[in-house]
Amino acid sequence: MAGQFQKHKLGAAGIGGMLGLSMCITLFFPSFDFRSGDSTWVGLDKTLSNGRVIGFSYEDPLVRGAGKPITVVLNKDPKTGEAIDPPIRAYVYDAGAPLSAGVRHPTNMGPTVGKLSIEKGKIDQANDDDPVVFTIEATDIDGEEWHYVSNATVNNGWTAEAVLNTAGAESQYLIGRGKTVYITEGCWWCHTLLPEHTQDWQVFGTPPFLGDFNGEMPTAFGSDRKAPDLLHVAARNSSKEWMTMHFFNPRLVQPNSIMPRFDYLWGKTDANGKAIDFSKWRAEYNDYVSGKTVHPPEVPEYAPESEARALIDWVLMSLR
Ligand code: HEC
């Protein structure tokens, strides 16, 4: 009897010791810190185009898409009028739009990129109260190319207004607002944004780099895949027409799709300000499904202020 009790005591001490050891590892050897790695161009593009993201409350004005930056594609210097070839992205923050995590906390972008963004980029001269434009610049350190964030309002004299005017409405994208739509609509319930290091990437494209995530919050990887990975979806399908039909009603392009329709993201009116008659649309669609008509009804063109527009901007411009 006494011998057996001894064995239990030994086992208990062993388990206690192992728990203690694993706790020590957790506490004293933190090996994984995003900030110890430097941000890539992809990471900088995401932090600048998403703007600030906080919380997940539906009352949160940021989650409702307010205070978000506008990403523009520029093919001309807004100040000198000189051509920019190839065109670049600029990120316009209106007065009052909260700056992104990367700009607020440069250490989030990694030691080298954070330092470059302050010293060369002068991002510490930007604040929430004044309009500001950012760009991503490249520089060479010992033969290696680095990207950093530049405050183009200070460095190039580009005002937010001039950048928006030069780009024109057709080159402005509501990427940051679109990403919040992805989160609030729960697209991540079915989709992932993370091709894995397996044969996965033959179908869904290359897995991301660690530096692609500096300052991104939330990353929205998704944990369970019931539908295709979307990280590079625009690289395999860049058709705005297809996206428009598929979001309005996925059954228009995939007859057996399990994806819900997101027609309500169109709002009340179409691009011409005309009220969208959803019940009429669905009645016509049912006629098409039952074979009474040959063609499905036309999908309304989304209004520039609609959530549908923001979501499609994000899909086509960010997921490449
Ligand atoms: C119930 C699961 C489900 C939800 C929720 C869902 N999807 Fe999908 N999605 C699918 C499936 C399944 C497909 C494959 C094509 C199809 O069946 O329509 C798909 C296809 C897509 C594609 C095309 C993918 C490709 O490889 O070409 C895009 C883009 C997309 N979804 C975006 C979204 C977005 C954005 C949301 C949220 C607004 C969303 N999905 C919500 C299931 C879902």
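The model is predicted: local features require pLDDT of at least 70 and side-chain atom pairs count only at pLDDT 80 or more, whereas totals for chains, interfaces and linings use all residues. Residues are numbered from 1 along each chain as its sequence is written.

**The two domains**

Select 41-175 for domain 1 and 182-318 for domain 2; these bounds come from an automatic or database domain assignment. The centres of the two domains, taken over C-alpha atoms, are 26 Å apart. Domain 1 brings 19 residues to the contact and domain 2 brings 15 residues, two residues being in contact if their C-beta atoms, placed from the backbone, lie within 7 Å.

Next, select helix H2 (41-50) and helix H3 (101-104), the elements that give two or more residues to the side of domain 1 that touches domain 2. H2 gives the most to that side, with 6 residues. Helices (H or I, at least four residues) and strands (E, at least two) are DSSP runs, numbered from the N terminus. By class, this side of domain 1 has 8 nonpolar, 10 polar and 1 charged residues. Here Ala, Val, Leu, Ile, Met, Phe, Trp, Tyr, Cys and Pro count as nonpolar, Asp, Glu, Lys and Arg as charged, and the others, Gly among them, as polar.

**The sheet**

Display the open sheet of 5 strands, ordered E4-E3-E2-E1-E5 with antiparallel pairing; two strands pair if DSSP finds at least two bridges between them. E4 and strand E5 (172-173) each have a single partner strand and stand at the edges, so one side of each is left without a neighbour in the sheet.

Begin with E4 (residues 144-151), which is joined to E3 by 8 antiparallel bridges. Asp140 is placed opposite Glu145 in E4. The hairpin of E3 and E4 has 2 residues between the strands, and Asp142 in the turn has a positive phi of about 50°.

Continue to E2 (residues 83-93), which pairs antiparallel with E3 (residues 132-141) over 4 bridges; Tyr91 faces Phe134 in E3.

Finish with E1 (residues 70-76), paired antiparallel with E5 over 2 bridges. Val72 lies opposite Gln172 in E5. Helix H6 (residues 160-167) packs on the sheet and touches E1, E2, E3 and E5.

**The ligand**

Lastly, select the ligand and the 21 residues around it, of which Cys187, Cys190, Ala227, Ser257 and Met259 come nearest. A residue is near a molecule if its C-beta atom, placed from the backbone, lies within 6 Å of it. The shell divides into 15 nonpolar, 4 polar and 2 charged residues.

Definitions and conventions. Axes fitted to C-alpha atoms, helices over the stretch in contact; angles between N-to-C directions.
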